[in-house]
Structures are given as C-alpha cells and as structure tokens.
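Keep the 3D view open as you read.

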Amino acid sequence: MNASKLQTPIEYLKGVGPQKAEVLKKEFDVFVFQDLLNIFPNRYIDKSSYRKISELREASVEVQIIGKITGIRYVKQKKGKRLVADFEDETGHIELVWFRSYKWILDKLKTNVTYVVFGKLNYFNGQFSIAHPEIELLETHKNKGRIPLQPVYPSSEKLIRKGVSNTLLMKSIYQLLSTAQSVFVENLPKSICEDLKLMDRAEAMRHIHFPKSLDHLSKAQFRFKFEEFFFVQLRLLRQKIVNQKKIKGYTFSKVGTYFNEFYKNGLSFELTNAQKRVLREIRKDVGSNAQMNRLLQGDVGSGKTIVGFMSMLMAIDNGFQACLMAPTEILAQQHYEGISELCESLDLNVAVLTGSSKTKERKKIHDDLMSGELHLLIGTHALIEDKVQFKNLGLAIIDEQHRFGVKQRAKLWKKNDLPPHVLVMTATPIPRTLAMSLYGDLDISVIDELPPGRKPIKTVHRFDSHRLSVFQFIRDEIDKGRQVYIVYPLIEESSNFDYKDLMDGYESIARDFPMPKYQTSILHGQMKPEDKAYEMQRFAEGKTHIMVATTVIEVGVNVPNASVMIIESAERFGLSQLHQLRGRVGRGAEQSYCILMTGKKLGEDAKTRMQAMTQTNDGFKLSEIDLKLRGPGDLMGTQQSGVLDLKIADLVKDNQLLKTARSYAQHIVKNDPGFEHPEHQVLISTYNQLTKGKTIWNYIS
Ligand code: ADP
Ligand code: MG
C-alpha cells in the first residue's frame, strides 16, 4: 500500500461499508484509512505473561494462568445455581465460575489436562475466582499466533450498535498496518530522535496498536506523547512570531509626568521587587511597536491592581485612554473607588460603567470617551459593548481574566484602529509551563512576592459540631474590632436549594449575633445592584460586623479590616475558589483567620482539599494540587479547549515531557522558524496538517 492509498475513504475498507463509515466519521472523525490509525487504544489487555496463583494479590485485574481443573461442581445460590471448576497450578487454587451455558462448558472441560485461562480476578471470602474466563488447552494456546497485548479502542453505544466492535477496529487496523508499513515517514528531526532515543515513527505506530511487550508499548507511548506536545508547542511558538510580526501596536515612547508624579508622590508604599520587575516588563512591551498581550499572574493580595494602574498611567502619558474590565459589579465599583482615590492628586477623569449605569450617566460616558475628556474607564462587560467607543484607547486591562470568555476579550481589540495593548490579570496561578500551553502566545509575568509585613493567614478545618466554639471565636474577634465574612456555597445563583441554605444561615447568624450589638450585612447575586453596593459600602465602612454572603465576594473584594473568613460547606468548593475566598482576609495588619466548616463525612478529594488549605497559603502550590485532583480541562473551563485536545499526552502527568518538548520547539522556532534547514523539513507536512483550518483562540486574549 502506498501513501495515497491511505487517503482512501473509510467506507472502502474491508468490513466497514457506508453505514459503519457514517458512525466512524461522526464519533471519531475518521474519514480516510489513515485516520483510523490515529485512534489510539485506551488500554491493553495484557496476555504477555503468566501469573502464579500464589502471587495473586489484588482483585479486578486481568490475569493469565496455566493450570489444571481438579473438579467440577454445581453450587446452589439464591437464584438457581452456578457452575464452579476448581483450578490449580503448583502454587495454589482458584475457582472458575459460570452462571450460564453450563452444558456447553461441562461438555468441553476435562480434568487433568493443562489449560490456559484468562480473565478478571474477583476476591470473595478469602478466595480468588474468575467468572466466565477465556479458556483454552495449553497445546492449542502454544500453537496459535497470539497478540500479547491486545488493544482496547475507545468505544461508544452508537459504535457498538452499528457493529463497529473492538474486534472490527483491531482487525482493520491490523490489516492497514501490515500492508502500509513503509508509509509512516519520520516527522521529527533526526537529532531530536537521537537525543531522546525515540522509537521511530513506523515502529511506534505498530507498537502503539499491537505492542510486542510492555517495554515496546511504553517506548511507543513516550514517542507519541513527545510528538504531540512538540507539535502543539511548535504551533504556539510559531504563531507568536507571526503575531508579533503582524500585529502592530501603538508605541508608548515616553515615561511621562503622570507616571513619574505618581511614582514619586502618589504611592503610599514601596513597590515590591516583583511589582517593579513586572512594570519593567510591561514598559518594554508597550515601548516596542508591537501589541502587548501579557498575562499577569499573582497570588491574591500580591498587589496586581497598582501595577495595572501604573500601566494605565503610561498610556495616558502618551496621549491614550485606558480601560479596566472586571467580572462583577462589586469589583468594578471597588476598583473605581480605589482608582479614583489614586487619581485625586493627578487631575485625571475616571468613570465607571456597568449594567446598572443609568441612561444619563451612560450617555455622558459615551460622549466623554469620544471627546477624550475621559481618561480612564472602569467597568464590567458593559464596556465591551459596541456602543462604547473611545477616542483613542491604548491599553485594556482585564482583571480576574478566568471569568471572561475569549470572545468577549477579542472585542476589546476592535476598540481602536490598531488593537490596544492588553494586560490580563489573574489570581488563579498555574504552573508556568502549563500556563504557556494554555495561553499560547501570551507573554507571562508573575508577581511572586507578597507586600512586606503581611502575616500569613491561619487556616483551620472545623466540623459543624464545633459551631459553638467557632461562634465564640467570632464574638472575640468582633470585640477586638475586627470584621467577619461568612460565605455560603451558591453554586448556581438561581438554585433555590442553595438560596435557602444562605437565608437559613443568615437567620441563624442574626439569632446568635443579635442587634443592636452586632450588625449583619447580606450579599448575594439575586439582589439589585444598588442594594449590593449599599451593603458592600456599609461593610467596607465598618458599619456592619458580619458579612453573610455567597461567592459574589469571591474575587477581588478588599476590606482590610475584615480578618475572619468562615466558609460554610467548604467541601462544596474547589481549591482555587477556597483560596480566592481566603484571600479576602489577611489584607490588613492584623492576624487573619480562615475557618473551613464541613460535615463529618467527607470524600477523599474533599479531605485532600481541606488538608491542602490548612497546610499552605501558596496559590501556586494549591493550583498544582488542584490540577492533580481535577485535571487541566476543568481548570480553564471550555474556553481554552482546542489546545487541550491532546490524544495521548497528559498535561499534568507528563508535565516534565511537556517542558522538554517545549524547549526543543523553542530552539527550532528561534533558529529556523521557516523549517528551512534540511533536517527540519520533515516537520512541514505534519505541521501543516495540524494547523489546517484551526483557529488559535489563545492569541486573541
Ligand atoms: P490582588 O493582587 O489580589 O489584586 P490588590 O491589588 O488588591 O491585590 O492588593 C492588595 C492590597 O495590597 C491593597 O490594599 C494594596 O493597596 C496593597 N499593596 C499593593 N502593593 C503593595 C506594596 N508594595 N506594599 C504594601 N501594600 C501593597
Ligand atoms: Mg485584584
């Protein structure tokens, strides 16, 4: 078979036909012969070795054993009977069990002949058994050509119904492989293959489907994992170059009065070294003539806002406007207040635009933006609407970017003739290589240092049964002049069940902390924006002691005097959410506390989350644990899929290999971006196939 034969439509493959071809297309994107080879097995049935009965330790594994049947009997059970054969090798005894087809089995089985049996082990009452084993005479077994590791391909109800069985896939792929051996040309440069001792492509293709041994299998897997990571990285890195070439940006050539004035007289604290470094990185980007696309990662409380603000000053100094988009009204409002304060001595005009802005305010904002009167606009999604037009937008900042979809962000690009510089800030830190894979060509800055003088938050886990002592603790803290958050899970803002939890909680708090001594606020997503703002304001001004809330306060909220965070039903929150919530305290000079409340019964994952939270305050460590618990797909939501569509490699488990692949890809893209070097020409065909027709959403961040 030659290479063009592999492009034959799949319905022409022996045993397939139009009906099966239809489901293969729908379920697996298999259109031509070649595509079939790209379905890799999920797992393998291991018939490569034989086990001794005395070595058997755990149930639910598949084993192959050589031995003899020493007796056959019926055993009565609740319903009917089962057929049991005693099976022995020289080391021990197990039972083979059948619940049907007795006669057929009885006729076939003989005692004192050597058989090979295969099946999944059960363990019950101190006894191993295999139900409905595969069984064959050792003689027959020896003489048969066998597949030592049998591939099990992904499947679905639909496939099975249409007759696309594992056997069919196995046979078809086997047939293709045996006739098409020579067409799998190597697609990785020779030097990489040699460096990493990679199995060559044709061989790996054979062993990924029909491994000769476990060792061959792991070499084949290693090769394809590397290949997969490598081409993804190649694509991302090359795209980045293309973007930098293509996407011209505005040049902020000078550091002007606003920035310098603020730096000298406006800052009430010294910037941390990390903040200074990030500002330099941003300054370098905006000073070049390409558009900045930078991701700023920094743990909660690390001081991202001030960095964002000072970047906005760079824009204004160069005659541009700037905007800051936040995911919630509360946060937008808070940023507006904070930034207005910072601007006081600077004579800059700032406005806030949210879904609840009145028509009149809106109109004024639109006018002032167009005339250039307004320098800074803070807001929610409202500011990406088409109606909102700037005279000259130079920088757009997106706070807590994980809350926004990529398409929403893309709209910001269209707000000026050239796309404005974009800075996205996030407090959901993720390991660097992973971030680079998820965000493709975004440049990454990290604030890896907290402002000095912060006392680490003390975190404890308490069961609901300790509620009384927790309440006493709250009283003591309030007596010292502190404020307290109590957060309830409201996974879906519309769920009445959760809502009831919150209201019950609020009532019980109101009972245990009676007025007038204690003042309590409540905040949830179903409230009107002006009511939310009012409650938030009262709490921020210290007029209420306790804030009972849902996760609407999760991101960004900054009330330095609040020093206690109680999280109810903490087991229902993910790690990054718990960490975000905890980040609402520890913002002032006082010792802060986070108390995780749960019921007694906890699942394994929940236990791990509680432990992780009590053991570390480090957002990067937590996100790594979170990744292990949940996998990266969850982490970013659906917005980053595409790049995460990995077939065989795993971003978390194979993270080390990802780093290796990235560094090789970097080397090539740096030295030979056009793949012109003779050794790199092998890359071209696979690369083009992979990039064909794909949008890289990542680059519109
Ligand atoms: P986040 O990174 O979570 O958005 P913020 O920007 O809200 O953090 O900053 C948290 C608090 O730390 C704010 O009150 C801010 O004024 C303060 N802060 C920021 N940078 C410094 C610094 N270098 N020294 C002291 N306090 C700082
Ligand atoms: Mg923030």
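**A buried histidine**

His524 is buried, with a relative accessible area of 6% (buried means under 20% relative accessible area, exposed over 50% and partly exposed in between, with a 1.4 Å probe and protein chains only). This is a predicted model, where local features need pLDDT of at least 70, side-chain atom pairs count only at pLDDT 80 or more, and totals for chains, interfaces and linings use all residues. Residues are numbered from 1 along each chain as its sequence is written, chains are lettered from A and ligands numbered from 1 in the order in which they are written, and side-chain values use heavy atoms, leaving out hydrogens and water.

**Around His524**
- You will find His524 in the loop between strand E18 (520-523) and helix H19 (529-540); helices (H or I, at least four residues) and strands (E, at least two) are DSSP runs, numbered from the N terminus.
- Its side chain reaches the backbone nitrogen of Gln526 at 3.1 Å.

**Helix H11**
- Which residues of H11 are buried? They are Ala274, Gln275, Val278, Leu279, Ile282, Asp285 and Val286.
- These residues cover an arc of only 135 degrees around the axis, which puts them on the same side of H11 (the arc is that of the directions from the helix axis to the C-beta atoms).
- On the other side of H11, Asn273, Arg280 and Lys284 are exposed.

**Strands E1 and E8**
- E8 pairs with strand E1 (residues 43-46) in the antiparallel sense over 4 bridges; strands pair if DSSP finds at least two bridges between them.
- Tyr44 stands opposite Pro151 in E8.

Terms used:
Polar contact = N/O pair within 3.5 Å; in protein donor to acceptor, adjacent residues only side chain to side chain.
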